[in-house]
Amino acid sequence: MDIRMIAATACCTLILAGCTPDAPPTSRTPSAPATTASPSAPTPSTAPSPSPTPTNSPLPDDSFPIAFPIADTLTTGGAGAVVARLSEVAGDLPALKLDLTQQQATLTVLQPDGSVAGYRWDNGEITRVDSDFQYLEQATFDPSDYPLDSLGRMFDVADLRGVRGQLVLQVVEYRAGQIVMTVTSRPESKTVFFRKDGTAVASLGLTSVADITAGIEEVIGNAEEAYSVSLNPNIGYSADLPDEEAGVVVNRTRPADMPTFETRRSESPANSPFAPALIDPEGLARAISRTQASPDEQCSVTIDMSHGRSGPVEDRRKGVKT
C-alpha cells in the first residue's frame, strides 16, 4: 500500500494509493506545529571525530609480547584500559578498526606510509598480529572517544535483542566517512548498532506515533525546509533537504535498525520545499491505520509538493491494487 502526503503552505494532506480515505485529511497549520514528548533529535552528522595525533612511535617488533595483565575482565570494566594500552604501543596512530570479544581486543591502525598494522591483547599479553584489513581511504577514529568500559552492558543489550554466538563489538567505518559501533556475532546472526555514547539505536516501526515522531525528527534534524519526507518499509525514514550549496540536495536516511546517515547529490528539484514542522505524526499514524487492510500491512508514505494541491487524491500508478 502506498500513501502520499502533499505539503501545502498551510497544511499537510494525504494522497492515498491502494485505498480511499474514510476520514478528512490530516492537517496542521504553521501556528500550531505538531508537539511530542520525544526530545528533538540533533542534526545527524557522518563526519568522524578527528583521529589522535601520534605522540610517540610504535614499539619495535622485538618488544613483543608485552605483558599487560588486568584486574577485571574486558566485560567488567577492563576494556578501556586494554585498548588505551594498545593505542599507546601502536604510537597513538589513527585507528581503522577495533574488535572486542569477551577474551580479546584487536586494534587495527593506519601507519604513516599507508600500510596497516594490527595489535592484539589476549590473556594478559599484547602481540603484533597480521591484518587482512585493506586501507582504501577509510575514515579513522580515536578509540578513547567510545565508552569501551560499557562493553558488558552493550553485550547484554545485544543478547536481549537476539544476537547469538560469540559476541564481538566493532568500531569501524560503515559508510563513506561514517564510523559506527556495533555488536554482532561469530558466526554472524544479527547486528545491533550503538551510538557513540553507548546507547543502542532504537528499532523504529512505521505506524506508531512514537516511532513516526522519532524517525521524522532524526531525518529532519534542525532543517526548516524539506523537498520530501518519506516512510518506507524497505529504507525506513528519509528526507530530501536543501543544501547551502545551490543545486545540491542533502538526503538523510534512518533505516529501521541503523543510525541515520547522510548523502549529497547534485539536483535541482522540481518540487517546491515545505516546512516539515507542518507534519503531524499523530494525524499521520491515524491516517495509516485507517488505510491499512490489516494491522501488519506495510505502508509507504511520501510527503511533498509534487501534486501542487492540498486535497487527497488516489494514486493508482505502478500496479497498486485499488
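This is a predicted model: local features need pLDDT of at least 70, side-chain atom pairs count only at pLDDT 80 or more; totals for chains, interfaces and linings use all residues.
1. F141 and Y146 are both buried. The ring centres of F141 and Y146 lie 5.9 Å apart and the ring planes stand at 85°, so the pair is edge-to-face. Y146 also has a charged neighbour: K196 lies over its face, at 5.6 Å from the ring centre.

2. The search for aromatic pairs covers the whole structure and finds three. One of them joins F64 and Y119; this pair is tilted, with 5.9 Å from centre to centre and 45° between the planes. F64 belongs to the loop between β2 (12–17) and β3, while Y119 belongs to strand β6, so the pair ties together parts that are 55 residues apart in sequence. F64 is buried, with a relative accessible area of 14%. Y119 is buried too, at 0% relative accessibility.

3. The charged end of R175 sits over the ring of F261, at 3.6 Å from the ring centre.

4. Is T140 buried or exposed? With a relative accessible area of 17%, T140 is buried, because the cut-off for buried is under 20%. The C-alpha atom of T140 is separated by 9.4 Å from that of L93, a residue 47 places away along the chain.

5. Turning to the chain as a whole, the secondary structure comes to four helices and 15 strands. The protein chain has 322 residues, and buried residues make up 45% of them. Of the contacts between residues at least 6 apart in sequence, 58% join residues at least 24 apart.

6. Eight of the strands form an open sheet, and its order is β3-β7-β6-β5-β4-β8-β9-β10, with antiparallel pairing. Its edge strands are β3 (66–67) and β10 (192–194), each of which pairs on one side only. Strands of a sheet pair through backbone hydrogen bonds, in either a parallel or an antiparallel sense. Within this sheet, β4 (residues 95–100) pairs with β8 (residues 166–175) in the antiparallel sense, over four bridges. L98 stands opposite V171 in β8.

7. Which strands does helix α1 lie across? Helix α1 (residues 79–89) lies across β3, β4, β5 (104–110), β6 (116–122) and β7 (125–129), and runs at about 140° to β6. Helix α2 (residues 151–160) lies across β4, β8, β9 (178–186) and β10, and its angle to β8 is about 95°.

8. Helix α3 (residues 209–220) has 12 residues and reaches 16 Å from its first C-alpha to its last, close to the 16 Å expected at 1.5 Å a residue. Nine of the 12 residues are buried, so α3 is largely enclosed by the rest of the structure. The buried residues are I212, T213, A214, G215, I216, E217, E218, V219 and I220; the two glutamates, E217 and E218, are on that list. What do the buried residues of α3 pack against? They pack against β11, β12 (236–242), β13 (248–254) and α4 (281–291). After α3 comes G221, with a positive phi near 60°.

9. Strand β11, one of the elements packed against by α3, covers residues 228–232 and contains S230. S230 is buried, with a relative accessible area of 15%. Apart from neighbours within four places in sequence, S230 is in contact with G236, Y237, S238, V301 and T302.

10. Strands β11 and β15 run antiparallel and are joined by four bridges. V229 stands opposite I303 in β15. Why is β15 described as largely enclosed by the rest of the structure? Five of the five residues of β15 (residues 300–304) are buried, so the description follows from that count. In a regular strand the side chains alternate between the two faces of the sheet. In β15, S300, T302 and D304 point one way and V301 and I303 the other way, and all are buried.

Terms used: Residues are numbered from 1 along each chain as its sequence is written. Side-chain values use heavy atoms; hydrogens and water are left out. Two strands pair if DSSP finds at least two bridges between them. Contact means heavy atoms within 4.5 Å. Axes are lines fitted to C-alpha atoms, for helices over the stretch in contact, and angles run from 0 to 180 degrees between N-to-C directions. Buried means under 20% relative accessible area, exposed over 50%, partly exposed in between (1.4 Å probe, protein chains only). Rings of Phe, Tyr and Trp (its six-membered ring) pair if their centres lie within 6.5 Å; planes under 30 degrees apart count as stacked, over 60 as edge-to-face and the rest as tilted. A charge sits over a ring if NZ of Lys or CZ of Arg is within 6 Å of the ring centre and within 35 degrees of the ring normal. The expected span of a helix is 1.5 Å times one less than its number of residues.
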